[in-house]
There are 6 protein chains.
Amino acid sequence: MPIVRIEMWPGRTQAQKAELARVITEAMVNIAHTTPEATIIIFEDVPRENWAQGGVLASEQ
Amino acid sequence: MPIVRIEMWPGRTQAQKAELARVITEAMVNIAHTTPEATIIIFEDVPRENWAQGGVLASEQ
Amino acid sequence: MPIVRIEMWPGRTQAQKAELARVITEAMVNIAHTTPEATIIIFEDVPRENWAQGGVLASEQ
Amino acid sequence: MPIVRIEMWPGRTQAQKAELARVITEAMVNIAHTTPEATIIIFEDVPRENWAQGGVLASEQ
Amino acid sequence: MPIVRIEMWPGRTQAQKAELARVITEAMVNIAHTTPEATIIIFEDVPRENWAQGGVLASEQ
Amino acid sequence: MPIVRIEMWPGRTQAQKAELARVITEAMVNIAHTTPEATIIIFEDVPRENWAQGGVLASEQ
């Protein structure tokens with residue numbers, strides 16, 4: 001604890017994910033007073049054809 | 001808000017997902033009084049070998 | 001299967017949830033060719049103080 | 001109901017998932033007094049490059 | 001890792017949750033070859049009025 | 001998109017959640033190149049009696 005789950009469209013590099021993991025863990029430690037070791041971050045890549053807003057798939061917008 | 005998440009076995013076409021996104025967004029707007037733009041729908045395809053009911057994987061039923 | 005999960009702010013009545021369950025199950029059956037019995041719908045009420053967009057909690061917007 | 005969701009790194013065989021499904025369903029029935037048919041288990045394979053702990057991606061540890 | 005998430009209707013006692021946590025962690029260790037310390041289990045109580053199957057809320061069945 | 005979901009034990013103040021929302025949205029914008037308006041953050045408070053690690057509920061550790 002805590003567990004942070006990040007859903008994004010595909011296309012972020014490993015370097016971007018590594019940087020997000022580093023900065024968000026730091027925020028959890030500084031603001032929520034947890035430890036880095038207790039902070040788990042999970043990325044989920046959601047393809048545009050599996051995502052809709054306004055009733056329309058992102059792959060068709 | 002709202003966020004609607006739909007887990008299904010693979011095999012639905014893009015046309016079926018597009019139609020589900022359209023109809024479910026319409027239901028959210030008409031019944032829950034949200035707006036189309038605020039309504040996000042995410043599809044997740046769950047392979048049969050990752051799904052069990054009755055203690056048995058769907059891929060082995 | 002399928003499982004549909006709907007996150008909304010609190011405030012919808014039981015009648016609205018019942019109507020959403022009915023209409024969305026119907027959509028899943030008609031469009032995704034599943035059965036009503038196999039369709040599970042879960043509502044999650046997310047309080048405004050647990051939801052942020054644009055970097056600001058909804059309870060402070 | 002109930003729904004059990006298991007996130008793991010990839011690498012478990014189908015035989016391991018089948019055994020987990022069998023044993024966990026049995027536990028739900030014996031301890032939580034549900035039925036096997038009502039117990040759904042979903043596995044999600046999370047790649048190491050999508051998982052961080054201690055601020056570092058598992059793929060870089 | 002792994003993370004196990006269990007959604008159930010309310011009504012299970014703390015003793016039942018403790019027993020489920022013990023037995024499921026044991027299954028993860030024995031079958032999936034993880035460690036107890038790496039195994040996180042989260043229970044989520046879903047009220048019957050937030051759960052529908054067959055297009056009908058469980059609270060109205 | 002993106003959607004960030006943060007599960008923590010209860011006890012964080014609204015001020016801490018507001019600060020987390022601000023800082024994490026900023027990180028998503030700077031590192032993942034999204035917009036603040038597209039970034040949704042959801043907090044979920046998980047009671048200690050619903051969380052186990054090492055096979056033991058946190059409320060009993």
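Colleague: How many residues does the contact take from chain E, and how many from chain A?
Modeller: This is a predicted model, so local features are read only where pLDDT is at least 70. Contact here means heavy atoms within 4.5 Å. By that rule, chain A gives four residues and chain E gives four residues.

Colleague: What area do chain E and chain A bury between them?
Modeller: Carbon and sulfur atoms account for 77% of the area buried by this pair.

Colleague: How many salt bridges does the rule find across the interface of chain E and chain A?
Modeller: A pair counts when a side-chain nitrogen of Lys or Arg is within 4 Å of a carboxyl oxygen of Asp or Glu. Across the interface of chain E and chain A, the number found is zero.

Colleague: Let's move on to chain F. What area is buried between chain A and chain F?
Modeller: Here 23 residues of chain A are in contact with 23 residues of chain F. Carbon and sulfur atoms give 72% of the buried area. The area between chain A and chain F comes to about 2,200 Å².

Colleague: Which residues in chain A lose the most area to chain F?
Modeller: Three residues together make up 31% of what the chain A side buries. They are M1(A), E7(A) and I31(A).

Colleague: How are helix α1(A) and helix α1(F) set, roughly parallel or roughly antiparallel?
Modeller: Each of these helices spans residues 14-32, and their axes come within 10 Å. They cross at roughly 165°, and the crossing is right-handed. That angle makes the arrangement of α1(A) and α1(F) roughly antiparallel.

Colleague: How many nonpolar residues does the contact of α1(A) with α1(F) have?
Modeller: On the α1(A) side, the residues include L20(A), V23(A), I24(A) and M28(A). They meet a set in α1(F) that includes L20(F), V23(F), I24(F) and M28(F). By class, the contact has two charged residues, two polar residues and, for the class you asked about, 14 nonpolar.

Colleague: How many salt bridges are counted between chain A and chain F?
Modeller: The two chains bury about 2,200 Å² between them. Even so, the salt-bridge count between chain A and chain F is zero.

Colleague: Which residue of chain A meets E44(A) in a salt bridge?
Modeller: Side chains of opposite charge can pair when their charged atoms come close. In this pair the N to O distance is 3.2 Å. E44(A) sits in strand β2 (residues 40-45) and its partner in strand β1 (residues 3-8), 39 residues apart, so the pair links distant parts of the chain. The partner is R5(A).

Colleague: How many salt bridges does the structure hold over all chains?
Modeller: The pair of E44(A) and R5(A) is a salt bridge. Over all chains, the total is 30.

Colleague: At roughly what angle do the axes of α1 of chain D and α1 of chain E cross?
Modeller: The axes of these helices come within 10 Å, and α1(D) passes α1(E) in a right-handed crossing. Among the residues that make the contact are A27(D) and I31(D) of α1(D), with A27(E) and I31(E) of α1(E). The axes cross at roughly 165°.

Colleague: What is the handedness of the crossing of α1(B) and α1(C), left or right?
Modeller: The axes of α1 of chain B and α1 of chain C come within 10 Å and cross at roughly 165°. That makes α1(B) roughly antiparallel to α1(C). The crossing of α1(B) and α1(C) is right-handed.

Colleague: How far apart are the closest C-alpha atoms of chain A and chain C?
Modeller: No contact joins chain A and chain C. Their closest C-alpha atoms lie apart by 14 Å.

Definitions and conventions
Residues are numbered from 1 along each chain as its sequence is written. Chains are lettered from A and ligands numbered from 1 in the order in which they are written. This is a predicted model: local features need pLDDT of at least 70, side-chain atom pairs count only at pLDDT 80 or more; totals for chains, interfaces and linings use all residues. Side-chain values use heavy atoms; hydrogens and water are left out. Axes are lines fitted to C-alpha atoms, for helices over the stretch in contact, and angles run from 0 to 180 degrees between N-to-C directions. Helices (H or I, at least four residues) and strands (E, at least two) are DSSP runs, numbered from the N terminus. A crossing is left-handed if the near helix is turned anticlockwise from the far one by less than a right angle, and right-handed if clockwise. Buried area is the accessible area (1.4 Å probe) that two parts lose on being put together, summed over both. Angles under 35 degrees count as roughly parallel, over 145 as roughly antiparallel, 65 to 115 as roughly perpendicular and the rest as oblique. Ala, Val, Leu, Ile, Met, Phe, Trp, Tyr, Cys and Pro count as nonpolar, Asp, Glu, Lys and Arg as charged, and the others, Gly among them, as polar.
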